[in-house]
Amino acid sequence: MNKCKQIYGVDISKDVFDVADSAGKHYQFSNDSNGFKSFLKSLSDQDLVVMEATGYYHYRLAQFLYEQGVKVSVVNPLSVKRFIQMKLSKIKTDKSDARAICEYATVNEVPLYTAKDENQAESLQLLRLIEIYTKQSTALKNKLHGEKVLGKPSKAVYHSLNRSLKAIQREIKVLEDRLTVMVKEEQQNQLSLLKSIPGMGNKTAIMLLVLTDGFSNFENARQLCCYAGITPTIRESGASVRGRSRISKMGNAKLRNLLFMCSFTACKHNKACREIYERIIAKGKSKKLALIAVCNKLLKQAFAVAKSGLPYDENYVSKLG
């Protein structure tokens, strides 16, 4: 339990943020510098402000409070969601969410926020924009494919789609080059270590380093696997329900997809990954399940290599679960 004078739970959205304190009071502020300053007036250096990680929306407030010397914690939204589910709460409002976050921090030890430096912050921004452009690129490719199936009835539409696709691909290349330079400047050693793992691609290694802040955000490999959403969930209840095990899919989808692509190469060139793949297939399990197990193994290898500071050694990492 956190020992603070007062705990504030914050539910933040685009225009406003709702606040509930441990005394049961509720406040609402505008999500801008004026709102931040108004909220700050009610805080002391013994208080703790807790909010969910919500991308852009939480970052500005967390950074502002941190710079003013306020204790801040940014928690995983999934943890709060499970906490609400355990309470069997059916009420879902910004006010109730703020109260739930406050209650969660009251009964659970939450990590204190440490402001990311400018490079880390920019790296995350680059990663998010690359993801947006990649989705747009995929949509344009699908549209182009549809136009080809129709036999290109409109040259204007076809050429416009082509121009747009090439422009987006150029932007993706510029952003990826910038991200690679930044990661190499800050984490060249860890990047080299990750790329020493057979099957670990450059894009996946860079994304891992950015998302985990050089693996400093995770205490063990299991936490990292949960973050990627590749841990199995078991569906069993009594004697009648025996569902198939499947991955949670609650983690970072982009990272999970990149790992899945890496798993094909890892099955060929990574001894530990190949062995676990063949073992699962020999048991009559599906190839997809075997590849997911390979993804899990790759993440454990990445965690071991990054934390040890030593390059990949199949005799060492093969001992990992």
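Author: A residue counts as buried when its relative accessible area is under 20%. By that cut-off, 40% of the 321 residues of the protein chain are buried. The model is a predicted one. Its protein chain has 12 helices and nine strands. Of the contacts in the chain with a separation of 6 or more, 60% are between residues 24 or more positions apart.

Now to the core itself. The largest nonpolar core has 56 residues, and those that touch the most other members are Leu-179, Leu-194, Ile-197, Leu-208, Phe-215, Val-294 and Leu-299. Two or more residues come from each of H5, H6, H7 (202-212), H8, H9 (253-269), H10 (271-282) and H11 (287-308). The biggest contribution is that of H6, which supplies 12 residues. Another core, of 19 residues, lies apart from this one, and its members include Tyr-8, Phe-17, Val-19 and Leu-43.

Neighbours within four places in sequence aside, Leu-208 is in contact with Leu-194, Met-200, Phe-215, Leu-224, Leu-255, Leu-299 and Ala-302. Among these partners, Leu-194, Phe-215 and Leu-299 are also on the list of core residues that touch the most other members. The C-alpha atom of Leu-208 is 9.8 Å from that of Ala-228, a residue 20 positions away along the chain. Ala-228 belongs to helix H8, which covers residues 221-228. With a relative accessible area of 0%, Ala-228 is buried, because the cut-off is under 20%.

Next, the helix pairs. H6 (residues 155-195) pairs with H5 (residues 118-149): their axes come within 9 Å and cross at roughly 155°. An angle over 145 degrees counts as roughly antiparallel, and H5 and H6 are therefore roughly antiparallel to each other. Their crossing is left-handed. The residues of this contact comprise 16 nonpolar, eight polar and 10 charged.

H9 and H11 make another pair. Their axes also come within 9 Å, with a crossing angle of roughly 95°. Angles of 65 to 115 degrees count as roughly perpendicular, so H9 is roughly perpendicular to H11. On the H9 side, the residues in the contact are Leu-259, Phe-260, Cys-262, Ser-263, Phe-264, Ala-266 and Cys-267; on the H11 side they are Lys-288, Leu-291, Val-294, Cys-295, Leu-298 and Leu-299. By class, this contact has 11 nonpolar residues, one polar and one charged. Val-294 and Leu-299, both on the H11 side, are again among the core residues that touch the most other members.

Two asparagines deserve a mention. Asn-270 sits in the loop between H9 and H10. Its relative accessible area is 0%, so Asn-270 is buried. Beyond its neighbours within four places in sequence, Asn-270 is in contact with Ile-197, Pro-198, Leu-298, Gln-301 and Tyr-312. One of these partners, Leu-298, is also part of the contact of H9 with H11, and another, Ile-197, is one of the core residues that touch the most other members.

Asn-296 is in helix H11. This residue is buried too, with a relative accessible area of 14%. Outside the four places in sequence on either side, Asn-296 is in contact with Cys-225 and Ile-230.

Note on methods: Residues are numbered from 1 along each chain as its sequence is written. This is a predicted model: local features need pLDDT of at least 70, side-chain atom pairs count only at pLDDT 80 or more; totals for chains, interfaces and linings use all residues. Side-chain values use heavy atoms; hydrogens and water are left out. Axes are lines fitted to C-alpha atoms, for helices over the stretch in contact, and angles run from 0 to 180 degrees between N-to-C directions. Helices (H or I, at least four residues) and strands (E, at least two) are DSSP runs, numbered from the N terminus. Angles under 35 degrees count as roughly parallel, over 145 as roughly antiparallel, 65 to 115 as roughly perpendicular and the rest as oblique. A crossing is left-handed if the near helix is turned anticlockwise from the far one by less than a right angle, and right-handed if clockwise. Ala, Val, Leu, Ile, Met, Phe, Trp, Tyr, Cys and Pro count as nonpolar, Asp, Glu, Lys and Arg as charged, and the others, Gly among them, as polar. Buried means under 20% relative accessible area, exposed over 50%, partly exposed in between (1.4 Å probe, protein chains only). A nonpolar core is a set of buried Ala, Val, Leu, Ile, Met, Phe, Trp, Tyr and Cys residues joined through side-chain atoms within 4.5 Å. Contact means heavy atoms within 4.5 Å.
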